[in-house]
Amino acid sequence: NAEAYTFYLKGREYLLRHQGPARGLDPLGGTDVVAAEGLFRRAIAADSTFALAHASLSAAHTEMYWLSYDRSPARRESILAEAKAALRLQPELPEAHLAMGYYWYVGHQDWARALPEFEIANHGMPSEAQAQMFIANVYRRQGRWSEALAGHERAFQLAPLESDKALNLARTYQAMRRYADAARTLDYAIAIEPTNYGLVVERGQRFVEWQG
């Protein structure tokens with residue numbers, strides 16, 4: 001359905017915009033994510049069998065919940081409901097497994113149940129960085145440092161212009177006390193998105209931990 005696909009593409013644009021310089025810094029409560037959510041709903045209204053739109057709506061719910069724009073139980077269950085809908089329609093869809101991984105990771109901090117979903121997504125999208133980054137995030141949560149570092153370096157290589165990949169790599173360097181590498185990586189992230197003041201604050205925090 002061309003109309004549904006157009007709504008989906010517009011929704012993706014809003015969601016990716018939010019995940020760039022605006023991520024976590026939107027004083028209006030995630031307006032880009034709300035716009036994305038509405039567009040994904042319009043895509044589903046145009047074609048209720050569009051699994052990718054369901055998976056993307058689940059991802060939008062994840063952003064709203066993860067960044068505390070809406071931490072209600074209903075919002076968390078919406079992550080699950082849309083992920084399930086996507087898997088029911090297209091069981092092998094990588095984005096659907098990514099959405100289910102978000103549910104366990106963000107909604108319940110259940111790293112063990114999130115990891116296999118992210119691995120399935122990564123297998124289906126080997127050139128995409130998002131699943132790779134979340135696999136590395138799980139490893140970091142589990143204290144598997146060498147695997148976490150390798151994963152974050154891989155995600156950064158796949159998406160060198162996405163500042164969240166650089167940020168997560170820097171956080172892993174910092175946790176491993178590789179302070180110079182963390183500072184260098186944050187400098188790179190700030191060069192990509194100089195108006196992302198959250199990155200500037202993060203860099204300041206790293207220097208406090210490194211040099212007092």
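This is a predicted model: local features need pLDDT of at least 70, side-chain atom pairs count only at pLDDT 80 or more; totals for chains, interfaces and linings use all residues.
**Entry 1: helices α1 and α2**

I started with helix α1, residues 2-18, and its neighbour α2. Their axes come within 8 Å and cross at roughly 165°. That angle is over the 145 cut-off, so I put α1 and α2 down as roughly antiparallel to each other. I also noted the hand of the crossing, and α1 passes α2 left-handed.

Next I looked up who makes the contact. On the α1 side I found, among others, Phe7, Tyr8, Tyr14 and Leu15. From α2 come residues including Val33, Leu39, Phe40 and Ala43. Charged names turn up in the list too, among them Glu3 and Lys10 of α1 and Asp32 and Arg42 of α2. My tally for this contact reads 12 nonpolar, 2 polar and 6 charged residues.

**Entry 2: salt bridges**

A reminder to myself: side chains of opposite charge can pair when their charged atoms come close. How many salt bridges does the model hold? The count comes to 13.

I picked Glu37 and Arg75, whose closest N and O atoms are 3.1 Å apart. Glu37 sits in helix α2 (residues 31-46) and Arg75 in helix α4 (residues 73-89), so this pair ties together parts that are 38 residues apart in sequence. Are these two buried or exposed? I found both Glu37 and Arg75 buried.

Then I went to Glu202 and Arg171, which meet in a salt bridge at 2.9 Å, N to O. Glu202 belongs to helix α11 (residues 197-211) and Arg171 to helix α9 (residues 163-175), so here the linked parts are 31 residues apart in sequence. Glu202 is buried, at 10% relative accessible area, whereas Arg171 is partly exposed at 36%.

**Entry 3: a bridge inside one helix**

I also checked Arg206 and Glu209, a salt bridge with 2.8 Å from N to O. Both are in helix α11, and because they are 3 residues apart, about one helical turn separates them. Arg206 is buried, with a relative accessible area of 10%, while Glu209 counts as partly exposed at 45%.

**Entry 4: a network**

Which residues do shared partners join into one network? I wrote down Glu37, Arg41, Asp70 and Arg75.

Technical notes:
Residues are numbered from 1 along each chain as its sequence is written. Side-chain values use heavy atoms; hydrogens and water are left out. A salt bridge is a side-chain nitrogen of Lys or Arg within 4 Å of a carboxyl oxygen of Asp or Glu. Helices (H or I, at least four residues) and strands (E, at least two) are DSSP runs, numbered from the N terminus. Buried means under 20% relative accessible area, exposed over 50%, partly exposed in between (1.4 Å probe, protein chains only). Axes are lines fitted to C-alpha atoms, for helices over the stretch in contact, and angles run from 0 to 180 degrees between N-to-C directions. Angles under 35 degrees count as roughly parallel, over 145 as roughly antiparallel, 65 to 115 as roughly perpendicular and the rest as oblique. A crossing is left-handed if the near helix is turned anticlockwise from the far one by less than a right angle, and right-handed if clockwise. Contact means heavy atoms within 4.5 Å.
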